[in-house]
Amino acid sequence: MKRFLQGQYSLMRTESWASLEERFDGPEERPICSLIGQIAQSRFSQGVFGTSSLRDLIIVQKPIFEFGREELRISMTPVGRVRFRYVEALT
């Protein structure tokens, strides 16, 4: 994940779906890995983009995006549930 600075937000570059599948390959992350595989095989694979931040999968609409602005964060909770959180920063 590469960062570029622009104003108060960092510009980020997304990763390929294949590299994200490798990153989320642990047994506790199996639901996220499955979702990544389904996106990669779908018609949406060229229309939405992904990257990761610690244990979160981040889905965005552009291959280069402003980190912390408009993004869908997907993560596993401690009890094994998938958590979806949409982040939108208004400026």
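Visitor: Which element gives the largest share of the lining of the largest pocket?
Guide: Rolling a probe the size of a water molecule over the atoms shows where empty space is left. A pocket is an open set of points on a 1 Å grid over the protein atoms alone, where a 1.4 Å probe fits, with protein on both sides within 12 Å along at least five of seven lines; lining residues have an atom within 4 Å of a point. Here β5 gives the largest share, three residues; strands are DSSP runs of E, at least two residues, numbered from the N terminus. This is a predicted model: local features need pLDDT of at least 70, side-chain atom pairs count only at pLDDT 80 or more, and totals for chains, interfaces and linings use all residues. Residues are numbered from 1 along each chain as its sequence is written, and side-chain values use heavy atoms, with hydrogens and water left out.

Visitor: Which residues lie nearest the centre of the largest pocket?
Guide: Val60, Gln61, Lys62, Phe65 and Glu70, out of 13 lining residues.

Visitor: How many salt bridges does the structure hold?
Guide: A salt bridge is a side-chain nitrogen of Lys or Arg within 4 Å of a carboxyl oxygen of Asp or Glu. The structure holds seven. In one of them, aspartate 56 pairs with arginine 73, closest N and O atoms 2.8 Å apart. Aspartate 56 sits in strand β4 and arginine 73 in strand β6, so parts 17 residues apart in sequence get tied together.

Visitor: Is aspartate 56 buried or exposed?
Guide: Buried means under 20% relative accessible area, exposed over 50%, partly exposed in between (1.4 Å probe, protein chains only). Aspartate 56, at 12%, counts as buried.

Notes:
Helices (H or I, at least four residues) and strands (E, at least two) are DSSP runs, numbered from the N terminus.
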